[in-house]
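This briefing is meant to be read alongside the sequence and coordinates. It begins with the conventions and then moves from the overall fold to individual residues.

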Amino acid sequence: MRKMIAGAVALTCVLPLTALAQGMDLPEAVRVPAGHTAAMTAVGVGELTYECKAKATDAAVFEWTFAGPMAKLMDARTQKEVGKYYGGPTWESMDGSKVTGKQVAVAPGTPGSIPLQLVKAEPAMGAGAMMGVTYIQRVNTKGGVAPSDPCTAAMAGTKKTVPYQADYVFYKS
């Protein structure tokens with residue numbers, strides 16, 4: 001199944017991933033509620049930024065804190081860029097439509113990788129591929145965990161980027 005944007009393949013639904021995304025092998029926490037169907041899939045390839053900050057619960061202890069993502073959304077088959085993912089969180093298609101949302105749940109990913117995630121979408125902005133998206137799932141994560149380098153008071157405000165990759169599955173009702 002394909003979604004077309006300006007004559008080009010925008011986001012492709014990959015059948016094995018769709019089966020996985022619909023909950024066959026996913027933890028319950030990140031499964032999409034009944035009544036929503038996987039409509040599109042994109043591979044996010046980019047970086048997650050972390051900042052060295054004092055812990056909210058103990059100002060004398062410093063830790064790497066998530067500051068934001070920046071990734072290209074790639075067609076799973078052609079590896080062509082079809083959109084981008086950035087802070088908000090926001091997923092934006094090349095057709096200009098975009099969707100934001102709020103995290104509903106996370107579940108552990110593979111060791112050394114960021115967690116799987118379920119996001120409830122807000123109504124999309126602009127007509128296009130993102131119209132009608134109700135949920136976004138992040139699955140098949142690779143990398144992206146906070147730096148293992150020390151984070152001290154002397155480093156406060158320092159930012160580091162970490163490469164990551166994940167599949168984003170967009171659901172519609």
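A polar contact is taken here as a pair of N or O atoms within 3.5 Å, where, within protein, one atom must be able to donate a hydrogen and the other to accept it, and where residues adjacent in sequence count only if both atoms are side-chain atoms. The model is predicted, so local features need pLDDT of at least 70 and side-chain atom pairs count only at pLDDT 80 or more, while totals for chains, interfaces and linings use all residues. Residues are numbered from 1 along each chain as its sequence is written, and side-chain values use heavy atoms, with hydrogens and water left out.

**Overall fold**

- The protein chain contains 1 helix and 10 strands, with helices (H or I, at least four residues) and strands (E, at least two) taken as DSSP runs numbered from the N terminus.
- In sequence order, these elements follow the pattern β-β-α-β-β-β-β-β-β-β-β.
- Of the 173 residues in the protein chain, 43% count as buried, where buried means under 20% relative accessible area, exposed over 50%, and partly exposed in between (1.4 Å probe, protein chains only).
- Among contacts in the protein chain with a separation of 6 or more, 61% are between residues 24 or more positions apart, a contact being heavy atoms within 4.5 Å.

**Threonine 141**

- Threonine 141 belongs to strand S9 (residues 133-143) and is buried, at 5% relative accessibility.
- The side chain of threonine 141 makes a polar contact with the backbone oxygen of isoleucine 114 at 2.7 Å.
- Leaving aside residues up to four places away in sequence, threonine 141 touches residues including Gly109, Pro115, Leu116, Gln165 and Ala166.

**Salt bridges**

- The whole structure holds 2 salt bridges, each defined as a side-chain nitrogen of Lys or Arg within 4 Å of a carboxyl oxygen of Asp or Glu.
- One of them joins glutamate 28 to arginine 31, with the closest N and O atoms 3.2 Å apart; glutamate 28 is exposed at 59% relative accessibility, whereas arginine 31 is partly exposed at 31%.
- Aspartate 149 and lysine 160 also form a salt bridge through their side chains, at 2.4 Å from N to O.
- Because aspartate 149 lies in the loop between S9 and strand S10 (159-172) and lysine 160 lies in strand S10, this pair ties together parts that are 11 residues apart in sequence.

**Arginine 77**

- Arginine 77 sits in the loop between strand S4 (58-74) and strand S5 (81-86), and is exposed, with a relative accessible area of 53%.
- Arginine 77 and valine 43 are 34 residues apart in sequence and 9.6 Å apart in space, C-alpha to C-alpha.
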